[in-house]
Amino acid sequence: MAALWRKAIDYLKSKEFRDYITSTHFWGPTFNWGLPLAAINDMKASPEIISGRMTTALIFYSMAFMRFAYRVQPRNLLLMACHGTNVMAQSVQATRFLMYYYGSGAAGATAATTDAAPSTTDAATSTTDDDDDCTTDCYPEAFNCN
């Protein structure tokens, strides 16, 4: 076990490792991990916020760059792992989107909301001269325009 630790420490001190850390083969994928981490974080949020078009674009983008990361010499396996994770996370998001908007998710959520709360459509869609800057037509819950 001590020999393994010694070998790892020697590698961390080597010029090869320093060259890798200072290259785009390391920093590109490192910052690119923001995409799958954001998708994984959004899995806790409501499916209403998912954009079907953007999710589809990110799936195809990551599939293309997975191939690039494998084909480029030297192979960038860190980038390939990042995009593989992103394809999986975005696929989960796409499934959530499809189930919500084309399954019974949105209809069930709308019915549950309408039964639970009184109707506020008149207050949410009407604008007065006092509230010209309030855009309640698009985001009624985000603005307090009563």
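Among contacts in the protein between residues at least 6 apart in sequence, what percentage join residues at least 24 apart? The share is 62%, where contact means heavy atoms within 4.5 Å.

The model is predicted: local features need pLDDT of at least 70, side-chain atom pairs count only at pLDDT 80 or more, and totals for chains, interfaces and linings use all residues. Residues are numbered from 1 along each chain as its sequence is written, and side-chain values use heavy atoms, with hydrogens and water left out.

The protein contains 8 helices and 0 strands. Helices (H or I, at least four residues) and strands (E, at least two) are DSSP runs, numbered from the N terminus. Along the sequence the pattern reads α-α-α-α-α-α-α-α. The protein has 146 residues, and 23% of them count as buried, that is, under 20% relative accessible area with a 1.4 Å probe, protein chains only. Its accessible surface comes to about 10800 Å², by the Shrake-Rupley method with a 1.4 Å probe. Carbon and sulfur atoms account for 64% of that surface.

Helix α4 (residues 34-42) packs against helix α6 (residues 77-102) at an angle of about 30°, with the axes 8 Å apart. Axes are lines fitted to C-alpha atoms over the stretch in contact, and angles run from 0 to 180 degrees between N-to-C directions. α4 is therefore roughly parallel to α6, a label for angles under 35 degrees.

From α4, Leu35, Pro36, Ala39, Ile40 and Asp42 take part in the contact. They meet Cys82, Thr85, Asn86, Ala89, Gln90, Gln93 and Arg96 of α6.

Key: Angles under 35 degrees count as roughly parallel, over 145 as roughly antiparallel, 65 to 115 as roughly perpendicular and the rest as oblique. Buried means under 20% relative accessible area, exposed over 50%, partly exposed in between (1.4 Å probe, protein chains only).
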